[in-house]
Structures are given as C-alpha cells and as structure tokens.
Amino acid sequence: MNQSLKPNSFRAGPDEDGRFGIYGGRFVAETLMPLILDLEAEWNKAKTDPEFQAELAHLGTHYIGRPSPLYFAERLTAELGGAKIYFKRDELNHTGSHKINNCIGQILLAKRMGKKRIIAETGAGQHGVASATVAARFGFPCVVYMGATDVERQAPNVFRMKLLGAEVKPVTSGHGTLKDAMNEALRDWVTNVEDTYYIIGTAAGPHPYPEMVREFQSVIGKEAREQMMAAEGRLPDMLVAAVGGGSNAIGLFHPFLDDEGVRIVGVEAGGKGLDGEEHCASLTAGRPGVLHGNRTYLLQDGDGQIKEGHSISAGLDYPGIGPEHSWLKDSGRVEYVPIKDDEALAAFQLLTRTEGIIPALEPSHALAEVIKRAPTMDKDQIILMNLCGRGDKDIFTVGKILGMGL
Amino acid sequence: MTARMDKRFADLKAEGRPGLITYMMGGDPDFQTSLGIMKALPGAGADVIELGMPFSDPMADGPAIQLAGQRALAGGQTLAKTLDLAREFRKDDQDTPIVLMGYYNPIYNMGVETFLDQALEAGIDGLIVVDLPPEMDDELCIPALAKGVNFIRLATPTTDEKRLPTVLRNTSGFVYYVSMNGITGSALPDPSLVGAAVQRIKAHTDLPICVGFGVKTADHARAIGAAADGVVVGSAIVAQVAGSLTADGKATDHTVSAVTTLVSGLATGVRSARLAAAE
C-alpha cells in the first residue's frame, strides 16, 4: 500500500509501441510492417547480446577511432570571456562525423538479419558516405538516395560515395533535398523489402529506428560523461548540440537527461529567419504531424502538406525532427532554439581562427548558440558542445558565400 | 456500416462478375475537371470510385500518382476540397461507393473527429490510409468504424499467414490486395500468383477481395478479375489525365474523355472476366 512513486525519468522511452508520449509510432505501409517487426525483434536480441556489443565496441575502437577526445577550447573560452567551453570531438571519427557510429551498428544488424543489399538516404552526404563506408567494409552493395539539389551542392561527398563503390541516385521529385531522398529510399525499400536493409541516418522514422539510432549514438554522451568527470570532477552545466533529424544531439543528451543540474539546449536551423519560409526550425515553428513513419513536429501548411525547409547546411535541411526531441520539447526538459545561416557562418569562421578547427556547418549552428550563451555565464561554469562533424565538405559552400573562388 | 458499399458488392456477386474500382486523384489537374472525371466514371463502367487525397510526400506511390498529386496541389487542392468533390458528386449519384485514399497527415491535421463527420456528411463510404497499419488502429480505424465509415486495409505479399488475422481484424468494406511489393504503377504481376494469394486471404475472411497494382489494360483487368472480386486501376487512369494536358499542365477538351475511353475498355475486360475464368 505504501508503494512509492517511481522516480520520474526522461530516459525510459519509447514504450513497446515505439512512442515517446504522443510522438513516434509506426506509420508505414503494410508491405513494410512485417519487416519493421522483424527488425525490432532482432534489435531487441542484439542489444542484450554480449557478442554483438563486443563487436560493436571493437569496431568503435579500431575502425571509428573511439573514444573521441573531450577537448577544452582554451582560446575560444578566453575570447568569449565566460563559461569554460569543451568540445566532444566526434568530427575526428573515421569519415568525419558522428554518422559512422550509427552505420556500424546498423550494418551489423543487417548482417545478422541476412540482408543482401543496403540503401540509405543522405542530405549533406555525411550519412551517405558513412553508409557507403560500412557497406564497403562488410561487402554489401549500396544505393544512396540524395536530392538532386544536394548532389550539386555536396559534390565532394558524392565523389567519395562513388569511390567507396556506392551507387548515388539523384532524386528529382519535390525540391530534391533530404525529405525527397527519404521518400525515394522508402519507395525502394517497399519494392525490395525481402533482401534490403534500410540504414536510416537519423533518430527518426518508424519504431525501432529512433530508439536504435539513439542507442548507437549514445556512445557520444556516455564517453563525454566519463571524460568530463575525469577532466573536471563534475558534470557540465550545459549541453549544446545541433538538431537536424537530431541523432548527434540525442546521442549526447540521452545519458544526461536525468541529471537535473545539466541544462540542455538543441539548436535548429533558423535559415534566413523565422519570419519567412526559409528555415528548418520544425520544433520552434512547426506543429505535430505524421511523416516518414513517425509522429513528430513538422513544418507544414494549413492543409497538412509538408513544406520544404531551407538551411545553409544541407544536413539540417529537413522539415521534421526525431520524435524523442518532440517529446523532450513538450516536457520542457530540453530547450530548442533557432540559429540563422549568417550566425552559423560567423561561428564557423571564429572557431577556425581561434582553435584551428574547421567545423561542419551543422555544429557551427550549435557553436553560434554557445557564442551567445558563454559570455552570460560564470567562469567556473562549463558548456559541453558536440562538435559532430568536420567542415572539409563545406569549404566550397562557405567559399562561395564569402566570395572566394576555389 | 455504410450500406452502399455492401450493396454494391452484393449486386456484383449476383451479376457474377468482379467490380471495377477506379482510382482518380482529387483535384487533378483542377477541381472542375476532376469533378467532371468523377461524374463520368460510373457511366464508363466504374463500380467503386477511389478518390485520391493529394499529399506532398506520397511514399508508397510511383511517378504517375506522385505527379498527379503535385498537379492537384499546384492547382490549389486541399483535403476540404476533396471532400467537396464527393459532395458535388453525391448530388447526382447515390449509389456508387466512394473510398478516400491517401496518407494520414492531412487527416490528422484536420482533426480525426472533424474529418470523419465531414466525410460521412459528404457521402464517403470508406477510407484507405496507406501509412496506418493495424498497429496504429487507434488513430483513425477504430474511430472511423465507430462512426460507420469502412476502413479498408491493404494486404501485401509480405502479409503472411501469421499476420493476416491482424490485418483483417477491424477491416470492413473490402480487402485491397496489393499484388506486389512495390509502389503504385509497377509492372503487372503473374495472374496465377495473384489467384493463389486471393484464395489464401479468402480462407480468413468473407469480405470481397479486390486486387490492384499493375493493372493497365482490359486484358490485365480480365486476367486479374478472373481471380478476384474486384480489380483496382489507378496509375493507368492518372496517366491518361497526364497525357491529355497542355504543355503547362492545363486540362483540355479531351481530358475527361481520355479517362472514360480507358475506363470503358477496362470495364469490358472486367465484364468478361468470369467468362475467361470458365475457359
């Protein structure tokens, strides 16, 4: 009778139907349902299988290069004159971003399930490169769907994928960006459901993808937590990460969600500003809807038609968001804010010159928020930001905007 | 449960032939033209009308229906206007069942209760919502059945014996057997495989089984119709619309007749289906 209430946890989701509150779920065509259920069963076995975990950890160490360092950005901290700034350096991973953490996990599942062919969607091309990389490493044929607009603006990554043996299929339907690439990947999957494994690149899509991708990316937060304890003897005061679909952010955030003293901030692509249509701030400016297998915040018009977003960063150019982020927003645990293209660009340049690190445009959004917050905080406070990708892929985009011919 | 649908399939059974279920995209290329097409369908031989609700991201559709949806949206079509099409159609036709087909988000956006009330009032007999499998029945299927709107489920080649009862539970009106894994508008499957699949489903339900995906000609319609209670034709019809338009996508004088000519031919195929089965 005196049963005490369970402690309120932000880390318990999803439930058995794949829901985080009202978000998530399995909104897919019947053709895919049996496969989604098979995948869930295999994932549930794998996550408690010591052999699977050991293989994952081995590849993490020897192939990806984990753990990624936790780096104290001394000069940037001095420049901003406030909180101490640490970076979790997932941009140093093999292939140059956090995307590989998830791809390694999923390719091991594809192997367990006896699948013969890999498909993936990509926006900036980082997930496409990571998928093509693991497909090469494990000997799978790989098809990557990429919006035609993105194929044009991310040429170096397209070439990388081709070198790795993947077939890159440009998608011309819609506006030719990440959303359209995902539609086309789903069409391929529904056609080749028997032998094909779809590596979704972010913590979105039908259950179990949001949970599965989060678990593969949580290595970021788990390592960072230990590293921060070793470096400072305490947890950070604030976490900051960029959210497109939200996989690097949920990977950093999840292990800290129940630590009340840690403020958590997710940074969306504010594009050219939220007054107009040219942004991708689905949490700040969207409302709940159903797309790509899950219920989540979406940019949509009055009729429920999905809008095209805009961001300087192809990796954030998506009108939705992983369902767990939608739930974390509604619950108030995580604060989500927009950063505009020009603010991200300024942050990109500042980091390059103060720390000698060229960041990708995606984490440049997170950095722009750090630049706003750090000076308002005390010098003994700590901000931990996920530097989730390196900027080599973006130099052409940035060069064009800065008016420098390459 | 909306009597119109059950009566139509009972009548078809009495006639001893399969039904012709024609899909059209609401608002393609504009409201008035698509209303003209809809009104002309029963006369051309359609027994049931599937009315497509355009969506920006039709993940299970091939190029023909994707483009039809884009044309409709560009022409200003909305879910409310698609319901208006049904309302207008019902002024002259009380007998032909109308099934709305599309994706969940525009419905969710309108609000499930509001949508169902309006659909009933507009004379809608059933719903096919591609991205709502049985696992999501609480969203729309259960509320629809409670209000008396049929919820028609898709069964596919991946729906095995173990899963069939799940798929058939809470299904009414008819069962839509998608004859191949893939998107709409793909190639015609082997009719003998389709026949076996229909028999497999019939072992689990008394509902009519209608078969779609890949049916483009009268011969296809006859071959598939020999094995099923109904034949669904979609991409071939919207392709007729597309082929009749001006270079900038506007309707022409022969847009409606392009559709009725095809549908009349398909109706001939369907009406000779049982004959073919007896051969």
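The largest cavity has a volume of about 360 Å³, in a structure that is a predicted model. Its lining is made up of 29 residues, and those nearest the centre of the largest cavity are His98(A), Lys99(A), Gly245(A), Gly315(A) and Leu316(A). At least two lining residues of the largest cavity come from each of β5 (117-122), α5 (126-138), α8 (178-191), α11 (247-253) and α15 (361-373) of chain A. Sorted by class, the lining of the largest cavity comprises 16 polar, 9 nonpolar and 4 charged residues. Domain 1 (31-61 + 99-212) and domain 2 (68-97 + 218-401) of chain A each contribute at least three residues to this lining.

Among the 26 residues lining the second largest cavity, Tyr23(B), Asp61(B), Ile65(B), Thr184(B) and Gly234(B) lie nearest its centre. In chain B, β1 (19-25), α3 (63-74), β3 (98-102), β9 (230-233) and α11 (235-244) each provide at least two of the lining residues of the second largest cavity, and by class this lining consists of 16 nonpolar, 7 polar and 3 charged residues.

Turning to the open pockets, the largest pocket has a volume of about 420 Å³ and is lined by 17 residues, with Gln53(A), Leu56(A), Glu215(A), Phe216(A) and Val219(A) nearest its centre. Two or more residues of the lining of the largest pocket are given by each of α2 (50-64), α4 (99-112), α9 (209-217) and α10 (219-232) of chain A, and α2(A) gives the most, with 6 residues. The lining of the largest pocket has 8 nonpolar, 5 charged and 4 polar residues, and at least three residues are drawn from each of domain 1 and domain 2 of chain A.

The second largest pocket holds about 370 Å³ of space, and of its 16 lining residues Thr149(A), Arg153(A), Ile312(A), Thr397(A) and Lys400(A) are the closest to its centre. Helices α6 (148-153) and α16 (395-401) of chain A each supply at least two residues of the lining of the second largest pocket, the largest share, 4 residues, coming from α16(A). By class, 7 polar, 6 charged and 3 nonpolar residues make up the lining of the second largest pocket. Because both domain 1 and domain 2 of chain A give residues to this lining, the second largest pocket lies between them.

The centres of domain 1 and domain 2 of chain A, taken over C-alpha atoms, are separated by 23 Å, and the contact involves 30 residues from domain 1 and 31 residues from domain 2 of chain A. About 2,400 Å² is buried between domain 1 and domain 2 of chain A, with 56% of this area given by carbon and sulfur atoms. Of the area that domain 1 of chain A buries against domain 2 of chain A, Gln126(A), Arg153(A) and Lys179(A) supply 24%, more than any other three residues. Arg153(A) is also one of the residues closest to the centre of the second largest pocket.

Between the chains, 38 residues of chain A are in contact with 35 residues of chain B, and about 2,800 Å² is buried between chain A and chain B, 50% of it on carbon and sulfur atoms. Glu30(A), Arg187(A) and Asp303(A) supply 24% of the area that chain A buries against chain B, more than any other three residues.

As to confidence, the mean pLDDT of chain A is 95, with 98% of its residues at 70 or more. Over residues 1-7 of chain A, however, pLDDT stays under 50, and the model has 0 contacts beyond four places in sequence for these residues.

Technical notes. Residues are numbered from 1 along each chain as its sequence is written. Chains are lettered from A and ligands numbered from 1 in the order in which they are written. This is a predicted model: local features need pLDDT of at least 70, side-chain atom pairs count only at pLDDT 80 or more; totals for chains, interfaces and linings use all residues. Side-chain values use heavy atoms; hydrogens and water are left out. pLDDT is the predictor's confidence in each residue, from 0 to 100. Contact means heavy atoms within 4.5 Å. On a 1 Å grid over the protein atoms alone, a cavity is a set of points where a 1.4 Å probe fits but cannot get out, and a pocket is an open set with protein on both sides within 12 Å along at least five of seven lines; lining residues have an atom within 4 Å of a point. Grid points are joined across faces, edges and corners, and a volume is the space filled by probe spheres set on the points. Ala, Val, Leu, Ile, Met, Phe, Trp, Tyr, Cys and Pro count as nonpolar, Asp, Glu, Lys and Arg as charged, and the others, Gly among them, as polar. Domain bounds come from an automatic or database domain assignment. Buried area is the accessible area (1.4 Å probe) that two parts lose on being put together, summed over both.
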